[in-house]
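Subject: Structure handover

Hi,

Here is the structure I promised. Please open it alongside this note. My findings follow below.

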Amino acid sequence: MPQQTQSAPEPALTASAVSTLAADRAEAAEAARSLDPDVVRALLDAGFARHFVPVAHGGRAGGFGALTDAVTTIGASCPATAWCASIALSLSRMAGFLPEEGRGRIWQDGPDALVVGSVSPRGRALPADGGWQLTGTWPYVSAVEHSDWALVLGLAKTPDAPTERRIFAVPRSAYAIERTWSDIGMRASGSHTLTVDDLHVPAEMSFPVDDLMAGRPAVDGGAGGAAPGVPLAAVNGLFFCLPMLGAAEGALAHWSAYAQDRLRAERPGVPGPGRAFYEETLARAGGEIDAARLLLERIAAVADSGREITALETARAQRDCALVADLLVGSVDRLFRASGTAGHSESSPLQRLWRDVHSAAGHIVLQFGPNASAYAAQALPADPA
């Protein structure tokens, strides 16, 4: 799938074309529980895989600020496509933490290799022949059927040393895929199960997960222009929230068209919600969605600042992403409830956007309680300095 091209426009410039195609293929992709190959190709052509790839490997070494409009534009039409676009962005950024030789292998055919993966510790690895012997099963790997490489987390056990969490880069030829994705939302994301059985992974195709958590690439310039120094927790939720924001903005657009039709058809004395009902729904849902966007834009701005990100800022980003998820679920619920029977029809895009937002909000990274505790630990330390 990777293809070397001379140049590609920034994602935001071509996101509208991807959005149109994804909307056209959304129903079939839901039924197939996998993105249409043409949509995947369009995402790669639009630059979503290469955005964070180092310039030395043909990428842009881009920043986080460019992602908001690009991902949400797609999410307004098909959140599952936007989710896979975010995965392509996030995992290619992670691949930049590999040693130089490993990065060269990932992008040997160009910067548009589609990297997917999982940072759940579902694998185990033992040292072998200057590398590692890896076995594991990782569920919920989005876009895996279209992938070229996968990054997976395994627990590496070395004699006389503590168990270490490591990321392993595995080529498509070395992992099997089980079609296990059955959620009611994000159906087209194709988040199936990836399996590796007793695979030898060379040392250069692995790195400690602590480097990723701290934003510490193995070699200067490895993780791209804005990526070094950015802890994973400071941006991880951003990749999951942007598709939700797009879905909410799409839901608001669909509902607003419905509301306008209802108001035009309103007749005195006919039972039903009055104008005030539609006005309040529009104002509340729109305000919540705008607030969510502002919070996510602040996270991106901090990540792009080029300075050291503090522990408090990292915890705030985690808090904000969980809060955004709650805001967006609430706003889309409000719109869905106020959409009447027509909005609940299987033929209505609104019900798909509603299901997708709920499915995305279930991600473990977006649960408010743990993120609230992490934020409070930094904002209200038990032992202030």
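At what angle do helix 9 and helix 11 pack, and how far apart are their axes? This is a predicted model. In it, helix 9 (residues 311-337) and helix 11 (residues 349-361) pack at about 155 degrees. Their axes lie 10 Å apart. The two helices are therefore roughly antiparallel to each other. Their crossing is left-handed. Helix 9 makes the contact with Leu328, Val329, Val332, Asp333, Leu335 and Phe336. Helix 11 brings Leu350, Gln351, Trp354, Val357, His358 and Ala361. By class, that contact has 9 nonpolar, 2 polar and 1 charged residues.

Now the pockets.

The largest pocket has a volume of about 970 Å³. Its lining counts 39 residues. Nearest its centre lie Ser120, Phe240, His363, Ile364 and Val365. Helix 4 (79-95), strand 1 (115-128), strand 2 (131-141), helix 7 (236-264), helix 11 and helix 12 (368-379) each give at least two residues to this lining. The lining divides into 21 nonpolar, 15 polar and 3 charged residues.

The second largest pocket has a volume of about 300 Å³. It is lined by 13 residues, and Glu27, Glu30, Glu346, Gln351 and Arg352 lie nearest its centre. Helix 1 (11-32) and helix 11 are the elements that supply two or more residues here. Helix 1 gives the largest share, 5 residues. By class, the lining has 3 nonpolar, 3 polar and 7 charged residues. Gln351 of helix 11 is also part of the contact with helix 9.

The largest cavity holds about 80 Å³ of space. It is lined by Ala234, Arg298, Ile299, Val302, Ala303, Ile309, Glu313, Arg316, Ala317 and Asp320. Helix 8 (275-303) and helix 9 are the elements that give two or more residues to this lining. The lining has 6 nonpolar, no polar and 4 charged residues.

The second largest cavity holds about 70 Å³. Val40, Leu43, Leu44, Cys84, Ala85, Ala88, Leu114 and Ala143 line this cavity. Two or more of these residues come from each of helix 2 (37-45) and helix 4. This lining has 8 nonpolar residues, with no polar and no charged ones.

Best wishes

Terms used:
Residues are numbered from 1 along each chain as its sequence is written. This is a predicted model: local features need pLDDT of at least 70, side-chain atom pairs count only at pLDDT 80 or more; totals for chains, interfaces and linings use all residues. Side-chain values use heavy atoms; hydrogens and water are left out. Axes are lines fitted to C-alpha atoms, for helices over the stretch in contact, and angles run from 0 to 180 degrees between N-to-C directions. Helices (H or I, at least four residues) and strands (E, at least two) are DSSP runs, numbered from the N terminus. Angles under 35 degrees count as roughly parallel, over 145 as roughly antiparallel, 65 to 115 as roughly perpendicular and the rest as oblique. A crossing is left-handed if the near helix is turned anticlockwise from the far one by less than a right angle, and right-handed if clockwise. Contact means heavy atoms within 4.5 Å. Ala, Val, Leu, Ile, Met, Phe, Trp, Tyr, Cys and Pro count as nonpolar, Asp, Glu, Lys and Arg as charged, and the others, Gly among them, as polar. On a 1 Å grid over the protein atoms alone, a cavity is a set of points where a 1.4 Å probe fits but cannot get out, and a pocket is an open set with protein on both sides within 12 Å along at least five of seven lines; lining residues have an atom within 4 Å of a point. Grid points are joined across faces, edges and corners, and a volume is the space filled by probe spheres set on the points.
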